[in-house]
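Please open the model in your viewer and keep the selection panel at hand. The tour below goes from one selection to the next and says what is to be found at each stop.

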Amino acid sequence: MVESAWERTLVVMPAFNEEESIGDVIREVFAKLPGMNLLVVDDGSVDDTARVARKAGAMVAVLPFNLGVGGAMRAGFKFAIERGYRNVVQIDADGQHDPASAPRLLEALESADLVIGARFAGEGEYRVTGPRKWAMRILAVTLSRTAGARLTDTTSGYRAAGPKAVAVFAAHYPAEYLGDTIEALVIAARSGCVIRQVPVAMRVRSGGVPSHDPGRAAAYLGRACIALLFALARPSSPGLVRDA
Amino acid sequence: METPSYIFGIVSAALVLGVVVELLRRRQLRERHALWWLVAGVLALIVGIFPSTLRWAAPLLGFELPINLVFFVSIGILVLVALQHSAELTLLESKTRVLAEQSALQDLRLRALEQQLALETAKKRQG
Ligand SMILES: Nc1nc2c(ncn2[C@@H]2O[C@H](COP(=O)(O)OP(=O)(O)O)[C@@H](O)[C@H]2O)c(=O)[nH]1
Ligand SMILES: [Mg+2]
C-alpha cells in the first residue's frame, strides 16, 4: 500500500527560524521516505531557513510574515488541494518527529480521516511535567469526548490528514495560538472526520529553541483551556473570510 | 445653564459633527465606521441646544445627576466604537492571512515555472 500512497501524499513542514536543524530533518525525510513530496512552509523566518530547505531539496513556500503554525499549515493544505495531493502529513522542522513513523500514520488513514501521532502512548522517552502536563490531561479528556475516540496527546504536531480532512483544513485551519492543534481537532470532529491516534516516539530537538519552554508552562495551561473553550463554543462553520 | 458653557457645548458638538461629515465627504471615513460617531455628534448637539432634554431624561432613567447620564452614554459609545474596531481588525487579519497564503503559493509556482523555462532554454541552446 505504502509506496503508491506516497505519490499522492504531501509532507508539510512548518518552519520558523529553523536553519540549524531543517537541512538534516529534510534529508532524513528523503532518506526514510524515498520520493516523498515535501513542502516546507517558511513562516516569515528571519534566518536562512528557506535557502537551507531549498538546498536540501524541498519545495519551499515563503510566507511574507509570521502567521503561526496554523497559518503555515493552512497554506500547506491549500497547496495540497491545488496540486491534487490526497493526504497531508505534518512533520515538525526541529527533528522531534521521526519520519520513520509516517508510514504507520498513513496506514491508519485507511480507517480514519485524521491520525494523530501520540507521544505518550507507550513509545519513546518524551515526558512533560507540571502545569503543561495538567493542561494536556484536561485537553485529552475533553477532546476525546468531542472526537469520539481515545486521544491522549491532543497537542502533538505529528499528524496525517486524509482527503476529507485536507479539504476541511484548507478552508478552515485555525491560526490562533494553540488553535492549530486543539481547535483543528474540534473542527475536524464537527465536520464528521474520523479521528484516530497512533503511538509514535518523540525525540529531542536537533537544534534551535522550542517555542514554548517550561517557564511559560502556566501561561500555556491558561491559553490552552481558553482555546479549548472557544473552539467548543464556536458555531460549526468557522472562518470569517470565504476563500476563492 | 451659563451662556458661555451653553455656547461651548453647541460649538463642540457641531465641530464633531462637522469633522465626521467632512471626512465622510472626502471618503476618508467609510459610512459603517462613521455610524457611532454620527450618533454621538447628533446626541451631543441635541443635548447642547436643548439642555432640558437631559434634565428630563436623567431622572426618567434613574440618574440623580444629569451629567452622569452624559458620561454613561459617552463611555457606552466609546466602548462600542472600540469593539467595532476590534472586530474590523480581526476581519482584516483574516483577509491578510489569505493574501499571505496566496503570495506564498504564487511565489512557489513562479519559481517552478522559471526553473522549467531555464531548463527548456538550456535544452534548446544545446539541441
Ligand atoms: N509556521 C510556523 N512554524 C512554527 C512557528 N513556531 C514554531 N514553528 C514550528 O513548529 C514546529 C514545532 O515547534 P516547537 O517549538 O518545537 O513546538 P513544540 O514541539 O510543540 O514544543 C517546528 O517545526 C517549528 O519550526 C511559527 O510561528 N510559525
Ligand atoms: Mg518541537
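Predicted model: local features only at pLDDT ≥ 70, side-chain atom pairs only at ≥ 80, totals over all residues.

Residues are numbered from 1 along each chain as its sequence is written, chains are lettered from A and ligands numbered from 1 in the order in which they are written, and side-chain values use heavy atoms, with hydrogens and water left out.

**Strands of chain A**

Select strand E2 of chain A, residues 37–43; helices (H or I, at least four residues) and strands (E, at least two) are DSSP runs, numbered from the N terminus. Seven of the seven residues of E2(A) are buried, where buried means under 20% relative accessible area, exposed over 50% and partly exposed in between, with a 1.4 Å probe and protein chains only. In a regular strand the side chains alternate between the two faces of the sheet. On one side of E2(A) are Asn37(A), Leu39(A), Val41(A) and Asp43(A), on the other Leu38(A), Val40(A) and Asp42(A), and both faces are covered.

Continue to Asn17(A), in the loop between E1 and helix H2 (19–32) of chain A. Its phi is near 50 degrees, a positive value in a residue other than glycine, and Asn17(A) is partly exposed at 27% relative accessibility. Most residues other than glycine have a negative phi.

Next take helix H7 of chain A, residues 163–172, with the buried residues Ala165(A), Val166(A), Val168(A), Phe169(A) and Ala170(A). These buried residues pack against helices H4 (68–83) and H8 (179–190) and strands E4 (87–90), E5 (114–118) and E6 (159–161) of chain A, where contact means heavy atoms within 4.5 Å.

**Helices of chain B**

Move to Arg27(B), in the loop between H1 and H2 of chain B. Arg27(B) has a positive phi of about 60 degrees although it is not a glycine, and it is exposed, with a relative accessible area of 75%.

Then select Leu38(B), which lies in helix H2 of chain B and is partly exposed, with a relative accessible area of 28%. Not counting residues up to four places away in sequence, Leu38(B) touches Leu17(B), Val20(B), Val21(B) and Leu24(B). The C-alpha atoms of Leu38(B) and Ala14(B), 24 residues apart along the chain, are separated by 11 Å.
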